[in-house]
Amino acid sequence: GKESGYGCFPLNPELRIANLKQECGEVTSVDGAPLDFRRYPIGALLRIAPHHSCASTHQHRSVNVLGADGDTVVEEWKICKGW
């Protein structure tokens, strides 16, 4: 939730998620300084490690499990859409 920042940016620890609504979020700097959009242009891809998986997984049919290198897909998990 908001108290814990929703998740983190493992490759960009200077960023934080300020607000999150379903698949959209607001990103700010940890220190409150304005974002340098030359460094983070609109449309840039940022890796996020969510603190909770509901919002990140329910939108998809499966998730990819990454290996220790953080890039290699080692498994694919199907999302349960009911009990």
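Colleague: Is R39 buried or exposed here?

Modeller: Buried means under 20% relative accessible area, exposed over 50%, and partly exposed lies in between, using a 1.4 Å probe and protein chains only. R39 has 54% relative accessibility, so R39 counts as exposed. Bear in mind that this is a predicted model, where local features need pLDDT of at least 70 and side-chain atom pairs count only at pLDDT 80 or more, while totals for chains, interfaces and linings use all residues. Residues are numbered from 1 along each chain as its sequence is written, and side-chain values use heavy atoms, with hydrogens and water left out.

Colleague: Which residue forms a salt bridge with R39?

Modeller: Side chains of opposite charge can pair when their charged atoms come close. A salt bridge is a side-chain nitrogen of Lys or Arg within 4 Å of a carboxyl oxygen of Asp or Glu. R39 pairs with E14, and their closest N and O atoms are 3.3 Å apart. E14 sits in the loop between β1 and β2 and R39 in the loop between β3 and β4, so the pair ties together parts 25 residues apart in sequence. Strands are DSSP runs (E, at least two residues), numbered from the N terminus. E14 itself is partly exposed, at 26% relative accessibility.

Colleague: How many salt bridges does the whole structure have?

Modeller: The search finds 4. Among them is D71 with R47, whose closest N and O atoms are 3.2 Å apart. Another is D36 with R38, at 3.1 Å; R38 is exposed at 76% relative accessibility.

Colleague: What does S29 touch?

Modeller: Contact means heavy atoms within 4.5 Å. Not counting residues up to four places away in sequence, S29 touches E14, L15, R16 and L35.

Methods: Helix = DSSP H or I, 4+ residues; strand = E, 2+ residues; numbered from the N terminus.
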